[in-house]
Amino acid sequence: MKFRVAAVQYKLEDIASFGQFADQAEHYVRNASEYGVNVVLFPEFMTTQLLSIGDGTGKALPIERLPEFTDEYVRLFGRLAAAYDMHIVGGTHVIDAGGGKRRNAAHLFHPDGRVDVQPKLHLTPTEVAEWNMSPGEGLEVFETPYGTVAMLTCYDIEFPEIVRMARAKGADVIFCPSCTDDRHGFFRVRYCCHARAVENQVYIVTTGTVGSLRTVDFMRANYGQAAVIAPNDIPFPPAGIIAEGEINDDMLVVADLDLKLLEEVRAAGSVTTWRDRRTDLYPDWS
């Protein structure tokens, strides 16, 4: 099974309306469609751009207002998925989880109208202390025409156990939307993406926000780069990098994934990390 993925280095900039956000999102999807992309990934917290619309006094909307855009967000990306016959991981959006809780949730939009949702499972101190987020309560994997995928957001990828669980549930591709404000955070996520690809013999598609929201707290600085990452073995490019973008540029990164190559390295690669797990010494998440 071969298919084409794209990862968007989404440029955050101040906007005045939801329509501007929609136009920017469709620009990237249309661009991806011109390259024959099957699945496109947007970054974490891309919808914080909507907070820059402001309250009419020059101040950004507070994070508490972001769930008010959920219906429009879902309609937009549902329409784009159908119109362009493409699966879209619409980055993450902050949703109302009930009981006064908010969650940072990745959304997978299918062309047939289905929407899968995976809340972020591990939260950073800023998400908890400043934005009053609550973590998701479980991991799911999702079936697509291109195989089984998982969505693990940014900080999630820094925890080996959760990626082991995704692989045990059958995921061959991990989509990792991210948002980091400096090099330290960026490289934590990037290095962990490579480690998880090697450990589990999976593909990882990751991307982050670039640009700046001048009025939105904690979104004034972004340091991002998209990459499509493979296990570091002979059938794949050196360093396990199939494709990557230019750091902090507004751009689209495109690559082809071949699931047959994963099967080959799992069976007879230079190393067979998934098969060689010492489950007599540590838990088998399957």
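**Cores and salt bridges**

Leaving aside neighbours within four places in sequence, Val40 is in contact (heavy atoms within 4.5 Å) with Ala6, Val8, Ala32, Met86, His87, Ile88 and Val89. The model is predicted: local features need pLDDT of at least 70 and side-chain atom pairs pLDDT 80 or more, while totals for chains, interfaces and linings use all residues. Residues are numbered from 1 along each chain as its sequence is written, and side-chain values use heavy atoms, without hydrogens and water.

A nonpolar core is a set of buried Ala, Val, Leu, Ile, Met, Phe, Trp, Tyr and Cys residues joined through side-chain atoms within 4.5 Å; buried means under 20% relative accessible area, exposed over 50% and partly exposed in between, with a 1.4 Å probe and protein chains only. In the largest such core, of 41 residues, Phe21, Val40, Phe42, Phe77 and Ile88 touch the most other members. Two or more residues each come from β1 (2-9), α1 (18-34), α2 (70-83) and β4 (87-98), these being DSSP runs numbered from the N terminus (helices H or I, at least four residues; strands E, at least two). The greatest share, 7 residues, is from α1. Another core, of 27 residues, lies apart from it and includes Leu108 and Val173.

The whole structure holds 15 salt bridges, each a side-chain nitrogen of Lys or Arg within 4 Å of a carboxyl oxygen of Asp or Glu. One joins Arg103 and Glu137 at 3.1 Å, N to O. Arg103 lies in β5 (residues 101-109) and Glu137 in the loop between α3 (125-129) and β7 (142-144), so the pair ties together parts 34 residues apart in sequence. Arg103 is buried, at 14% relative accessible area, whereas Glu137 is exposed at 72%.
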